[in-house]
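Reader: I have just opened this entry and would like to learn how to read it. Could you walk me through it step by step?

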Amino acid sequence: MSEFTIVRKGTFKLQYLLKIEEEIQRKWAEDKIFEEDAPAYGSPEWKQEKYMVTFPFPYMNGRLHLGHTFTLSKCEFGVGFERLKGKKCLYPFGFHCTGMPIKACADKLKREMEEFGTPPVFPVFVEEEEKVEEKGQAKIVDKSKSKKSKAAAKSGGAAYQWLIMRSLGLEDKDIVAFANAEHWLQYFPPLTKQDLQKMGLKVDWRRSFYTTDANPYFDSFVRWQFGHLKERGKVKFGKRHTIFSPKDNQPCMDHDRQSGEGVGGQEYTLIKMQLMEPFPEKLAFLTGEKIFLVAATLRPETMFGQTNCWVRPDMRYVAYKMKSGEIFISTYRAARNMCYQEMTPVDGQVDILAELVGQDIMGRPLKAPLTCYDTIYTLPMLTIKEDKGSGIVTSVPSDAPDDYAALCDLKKKPAFRSKYGITDEMVLPFEPIPIIDIPDFGSLGAVTACERLKIQSQNDREKLAEAKDQVYLRGFYEGVMLVKGHEGKKVQDVKKTIQKQMVASGEAVLYMEPERKVISRSADECVVALCDQWYLDYREEEWKAKTHKALEQLNTYGEETRRNFLATLDWLQEHACSRTYGLGTRLPWDKQWLIESLSDSTIYMAFYTVCHFLQEGVFDGSKPNAVGISPEQMTTEVWNYIFFENVPYPETKIDRNVLEKMRNEFRYWYPLDLRVSGKDLVPNHLTYFLYNHCAMWPEQPDKWPRAVRANGHLLLNSEKMSKSTGNFLTLSDAIERFSADGMRLTLADAGDGVEDANFVEKMADAGILRLYTWIEWVKEVRDGVVALVEGEPNTFNDRVFASEMNLGIKLTHDHYNNMMYKEALKTGFFEFQLARDKYRELSSGGMNKQLVMRFIEVQTLLLAPICPHVCEHVWGLLGKSGSIMYARWPTAGEVDELAIRASDFVMSTAHDLRLRLKNRKQNTKSVDSGPPTHCIVYVAKSYPEWQRITIETLRRLNDENGGKFPENKLIAANLKQRSELKKYMKKVMPFVATIKELAAEHNVERALALTSPFDERSVLADHATYLADTLELDGVEVKFSNEGNTKVQEDCAPGHPLCEFVRKPGVNITVINQQACSGHFTVQIPVRSGDKPNQIISRIQKINRYLKESNQVTLCRYADPQQSIRQIPAYDGEGDGKIPLCDSSTFEVDLEKNKIVLCTKGGEKHDLEGAIIYKVE
């Protein structure tokens, strides 16, 4: 579990949300809201649109973590949205136990208890004993020793299993039971269900089960599936190359791997270079034998250009006997792979004759195939790696930049040659041999590339990598062979031909190894083995063609996922579907084999449609079901009748009504509407999923999956999740820390697409506050704490707010529909809340009650798929009957885009004015006698002449360039031709950049419009009070730009107002509050000629922050100011002798006399004697 670094002052808000979630989940369970049954065939309800979604059932060797949760949340949000659209939704959830990990862990616990006691007492330091031969494992005496501390054992991949179980929170007394593999199946699935229920998952738990033959119903289903696959020729038997674990003595499929998921076998050509006598000292006893240094290459067509052979001086090599009687020299790792490919006398054993280091065979003469040199030599290369190939590298400097650079180094450095005992005749006579002609590179591609990039030595790694990319790519696709017998032929056409010729002549052998390191769950480094096995023949052309067709009709929600599918279909060949160790279902026709985990999980979605009849939520189906069906009654004929069309009714004792209902369930829910998974399952599970649906329903494309949504991995606080580093979070811990809805909100915000997403704990913590604040605000509105305006919404800001809600509904619908939940959260919550905040800010007279109540209802519905508990709670606060789970997506009304643009213009102008005022205050040179009191905002009816000419030129160039702006160089050249712009050239290109940005953000038409679509002066003038308040000034005046100075007239443009800050003198007036115990006090307010009462109230509000709404305040004057000011106020008669000020009244100021007079609409004037009264409701 990750260390929680956020410091909280308390957990009240968190506990508040957790309590709500607990109550809502209990209510959902009682009402069985998520239990869905198919309607009767032919009934009106049958026509109701349905939506079935699944998540690949997680493996039950631990609790779910946040990575699982991120992926399954996509299903969860999708179901929530589709329910709101009125669809009947099914989200079933199962638990995967097939494969070897559980069995391997259980067996490991047994061994630890046998060796170290119960509970085990592990040594602080552990020395690995020499590896001894295990069943099916190669013989090796590993003389290297390694030490590992107890602490390291706790965190590393080779940790003791007992300690791993402790890290899951288990006590020693409980761990003992896990030595029995069956106990894992009983322990983790219920915990997983519990965690998912606390998350609020919309799952029909009646349809849950776990896999393996421990569940006889699922076991029967898988045997039925494989019986048909065998019958249809999809399952075959034979020797096939596969990733294999010697320790486990069986193929190691993706789900059996600790690392290396998705890795397949890589085929190499092993080039046999014969070691010439006399042999080196360590091999002298083999004189007379045929000894070959074998180099693994991917480019057999280049062997005509060999000039030498590279070995690493300090690398360990072994000489070992092959089945042919020949002796090979390579690394032990390569030999270990070969011994499982029927290349050694005894399968699985390496008969080591001698152990060497590279220096032992340095400078030795070799006879290499195809090259024009009779003899080549072994030379030193220090960069050879042991984890790929054979450790022996053949050198072709004409076409391999690395080889050319290394050969040049040896030629230029006598001291380097001398260090390793290399004489001149072993190096200097050898030159690159032209073998391939490459366009732009000639007949010595590597030489040309090194010269162009000015590569000085083999240490120029980056340049050499670049050179290699250039030469290899062009050489393979465009290169033409120059060597005799293949002249004029393209490299890609003769590659296989040359390989076959070399193998047939005995000059090479085929060899395979994993593309990169694969570690099994039992911590064994895997090899490629040639195994007898049952396999699914995914290379079969007809089957592959059908799968391509399925992919064509599949919604992948993104082209990258589709490309990954296509790439997988291109390379996918056979897949071993059987093993001998682990848990699972046995092949019905060959019971010594178990069906592996990637093969029993391809069409189980169909099992979901009927398993609630059979298991009723009992994971292993061990309890009798209500319909009286036993596992034995689920025969092939019965399964056929349920899942296939046009098959006869089976001979069975199962009640016909029950069987028809089961068939009806499948026919209603299938095909699967959505499968959500991590992107790493595209090359295996998700592709097999498509293949097997095509195999089982070959003539029914309407039963093939409709959509697959693949997502990236989840980072935690911008770092990879890892138990070993402590940056790790389980589902249960995340709920405990952030609440279910707080976690769900953050998962939605973590990211969309196939890129890696990021769960940020600070965001999750902030989410708790957001949700709590939302609930409290709804309660304040409901209880009348928030003052609202009754009546029809008819103001400009009412119209804008209604339009922004309607726009939010539309945008959020589209984002949900495209499964872009981060964007849905943005438009449906964050921006939706901001629209409310803006409306509240701009509505000086108060928000309209109708609009606010609609906002609360719509906001609740938009957020419901992501935060269902909070939204269910708010739904109740609104007095809605029934659960929000039965509500419908809100209907979007008309969107007044022009009004929204005008409102956005007000907000952007306010933001710009605040920045300008801030800069003015910070720039002391611009401050005159004091801070400004007013602002004059200038708006333009049209662009200044120089900007108009620029825009017209851009429009012309855009039209001439097919609707795209040309490069800036061409734009500048055109603009320089206009003499009118000569004076403004320094401003022109920055203005062009602004126009381009506007076009990219919106559209070209909007960016190139010469006038504003609305009256900017009227819009700003209507919001002058808001602008003055946000600037904390006494007033804002709006004028046209032609009333300003020359700079204003030249730079002011539509959509880009300018401003001038001024200071207006005034006289202070005393504003008195005489209300008893009100907490409101007397204040001094500046008054200027022309001020209205609402401006005075606004200034009072700036001082008295408790006055939230301006309509709370009433201003009054004394009927007899001279007498009343001197009297002690009578608190039982607040209104005596006080006259309310009319809104249309105006204040006049005499600066010389320091006098303030109130002028009424009727022309009356009243000397205020320096004081007025304010009352607060």
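Predicted model: local features only at pLDDT ≥ 70, side-chain atom pairs only at ≥ 80, totals over all residues.

Reader: How many helices and strands does the protein have?

Author: There are 38 helices and 42 strands. The C-alpha atoms fill a box of roughly 130 × 85 × 65 Å along the principal axes. Among contacts with a separation of 6 or more, 75% are between residues 24 or more positions apart.

Reader: Next, please show me how to read a pair of packed helices.

Author: Two numbers describe two packed helices: the angle between their axes and the distance between those axes. Take helix H25 (residues 796–817) and helix H27 (residues 849–863), which pack at about 10° with axes 11 Å apart. Angles under 35 degrees count as roughly parallel, and H25 and H27 are therefore roughly parallel to each other.

Reader: Which residues in H25 and H27 meet?

Author: On the H25 side they include Phe-801, Met-805, Ile-809 and Tyr-816, and on the H27 side they include Leu-851, Phe-855, Val-858 and Leu-862. By class, the contact of H25 with H27 has 10 nonpolar, 3 polar and 2 charged residues.

Reader: What about aromatic rings?

Author: A pair of rings is described by the distance of the centres and the angle of the planes. The structure holds 74 aromatic pairs. In one of them, Tyr-538 and Tyr-691 have ring centres 4.5 Å apart and planes at 45°, so this pair is tilted.

Reader: Where do Tyr-538 and Tyr-691 lie?

Author: Tyr-538 is in the loop between strand S21 (527–537) and helix H15 (541–552), while Tyr-691 is in helix H21 (residues 682–696), so the pair ties together parts 153 residues apart in sequence. Tyr-538 is buried, at 0% relative accessible area, and Tyr-691 is buried with a value of 0%.

Reader: Which charged residue sits over the ring of Trp-589?

Author: That is Lys-230, whose charged end is 5.4 Å from the ring centre of Trp-589. Another case is Arg-656, which lies over the face of Tyr-649 at 3.9 Å from the ring centre.

Reader: How do I read the backbone angles?

Author: Most residues other than glycine have a negative phi, and most peptide bonds are trans. Here the peptide bond from Thr-118 to Pro-119 is cis, with omega near -5°, and Pro-119 lies in the loop between helix H3 (101–116) and strand S3 (125–127). A cis bond also joins Tyr-670 and Pro-671, with omega about 10°. Pro-671 is in the loop between helix H20 (656–669) and strand S25 (674–678).

Reader: Which residue has a positive phi of about 55° although it is not a glycine?

Author: Cys-1077 does, in the loop between strand S35 (1067–1072) and strand S36 (1083–1087). Its relative accessibility is 86%, so Cys-1077 counts as exposed. Glu-616 also has a positive phi, near 55°, and at 40% relative accessibility Glu-616 counts as partly exposed.

Reader: Finally, what is Leu-298 in contact with, leaving aside its neighbours within four places in sequence?

Author: Leu-298 is in contact with Gln-266, Glu-267, Tyr-268 and Lys-495. Leu-298 lies in the loop between strand S9 (291–297) and strand S10 (308–311), and at 42% relative accessibility Leu-298 counts as partly exposed.

Methods. Residues numbered from 1 in each chain as written. Heavy atoms only, no water. Axes fitted to C-alpha atoms, helices over the stretch in contact; angles between N-to-C directions. Helix = DSSP H or I, 4+ residues; strand = E, 2+ residues; numbered from the N terminus. Parallel < 35°, antiparallel > 145°, perpendicular 65-115°, else oblique. Contact = heavy atoms within 4.5 Å. Nonpolar A, V, L, I, M, F, W, Y, C, P; charged D, E, K, R; others polar. Phe/Tyr/Trp six-rings, centres within 6.5 Å; stacked < 30°, edge-to-face > 60°. Buried < 20%, exposed > 50% of the residue type's maximum accessible area, 1.4 Å probe, protein only. Lys NZ or Arg CZ within 6 Å of the ring centre and 35° of its normal.
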